[in-house]
Amino acid sequence: MWHRAVIERLRQSDVFAEVGLIGAKVRASVSDTMFLDIHYYPTTGSYSYSLIDLTLPYPGDKRVFGWDDYPHESVPAIRQLRSHPHHFQRRSVTGEWLFEESDMGGDVECEINVVAGTVQRYLTRLKA
């Protein structure tokens, strides 16, 4: 099962306070209000890695950044990316979504190290 290897790698990263399986997703908690959710569908290879901060002021969507392969047909900027539908999205300082190309492709066991490292760098910048 894909989630066993992912959970073990996240635990070994020392970034997260708690890591476990919730339903069909892996959740790695940084704190009571910040966590990484990993959705992966082995039958389709579809994936989503999202850092969520419940303290963000944006109604309905508390993601800080993440990677996924959702095509977002209504967002022309994503369709223009070389990596479409794979993309990285992050919040601008004003809260708007910025979309960037991504090397992610849904190989969750290999990509989890990149995800954990990006979360760790983000947390380090928050503390600075």
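In which strand is the place of Gln-89? The points below begin with that residue; the model under discussion is a predicted one.

1. Gln-89 and its strand. Gln-89 has its place in strand E6. The residue is buried, because its relative accessible area is 2%, and the limit for that class is under 20%. The side chain of Gln-89 makes a polar contact of 2.8 Å with the side chain of His-87.

2. Surroundings of Gln-89. When neighbours within four places in sequence are left aside, Gln-89 is in contact with Arg-63, Val-64, Phe-65, Gly-66 and Asp-68, and likewise with His-72, Trp-97, Leu-98 and Phe-99. One of these partners, His-72, is taken up again in point 6.

3. The largest pocket. The space in the largest pocket amounts to about 230 Å³. Strand E5 (63–68), strand E6 (87–91) and helix H3 (108–127) each contribute at least two residues to the lining. H3 provides the largest share, with four residues. Among the lining residues are Tyr-58, Phe-65, Phe-88, Arg-90, Arg-91, Ser-92, Arg-121 and Arg-125.

4. Overall architecture. The protein chain contains three helices and seven strands. Read from the N terminus, its elements follow the order α-β-β-β-β-β-α-β-β-α. The radius of gyration is 14 Å, close to the 14 Å given by the globule rule for 128 residues, so the chain is as compact as a globular protein of that length. Along the principal axes, the C-alpha atoms fill a box of roughly 35 × 35 × 25 Å. Of the 128 residues, 44% count as buried. Among contacts between residues at least 6 apart in sequence, 34% join residues at least 24 apart.

5. Is Ser-31 found in a strand or in a loop? Ser-31 belongs to the loop between strand E2 (25–29) and strand E3 (34–41). With a relative accessible area of 34%, Ser-31 is partly exposed. Ser-31 and Ser-92 are 61 residues apart along the chain, and their C-alpha atoms are separated by 23 Å.

6. Backbone points to check. Most residues other than glycine have a negative phi, and most peptide bonds are trans.

   - The peptide bond from His-84 to Pro-85 is cis, and its omega is near 5 degrees. Pro-85 sits in the loop between helix H2 (76–79) and E6.
   - Asp-14, a residue other than glycine, has a positive phi near 60 degrees. Asp-14 lies in the loop between helix H1 (2–12) and strand E1 (18–22). Asp-14 is classed as exposed because its relative accessible area is 69%, where the class requires over 50%.
   - His-72, also not a glycine, has a positive phi of about 45 degrees. His-72 is placed in the loop between E5 and H2. At 17% relative accessibility, His-72 counts as buried.

Definitions and conventions:
Residues are numbered from 1 along each chain as its sequence is written. This is a predicted model: local features need pLDDT of at least 70, side-chain atom pairs count only at pLDDT 80 or more; totals for chains, interfaces and linings use all residues. Side-chain values use heavy atoms; hydrogens and water are left out. On a 1 Å grid over the protein atoms alone, a cavity is a set of points where a 1.4 Å probe fits but cannot get out, and a pocket is an open set with protein on both sides within 12 Å along at least five of seven lines; lining residues have an atom within 4 Å of a point. Grid points are joined across faces, edges and corners, and a volume is the space filled by probe spheres set on the points. Buried means under 20% relative accessible area, exposed over 50%, partly exposed in between (1.4 Å probe, protein chains only). A polar contact is a pair of N or O atoms within 3.5 Å; within protein, one must be able to donate a hydrogen and the other to accept it, and residues adjacent in sequence count only if both atoms are side-chain atoms. Contact means heavy atoms within 4.5 Å. The radius of gyration is taken over C-alpha atoms; the globule rule is 2.2 Å times the number of residues to the power 0.38.
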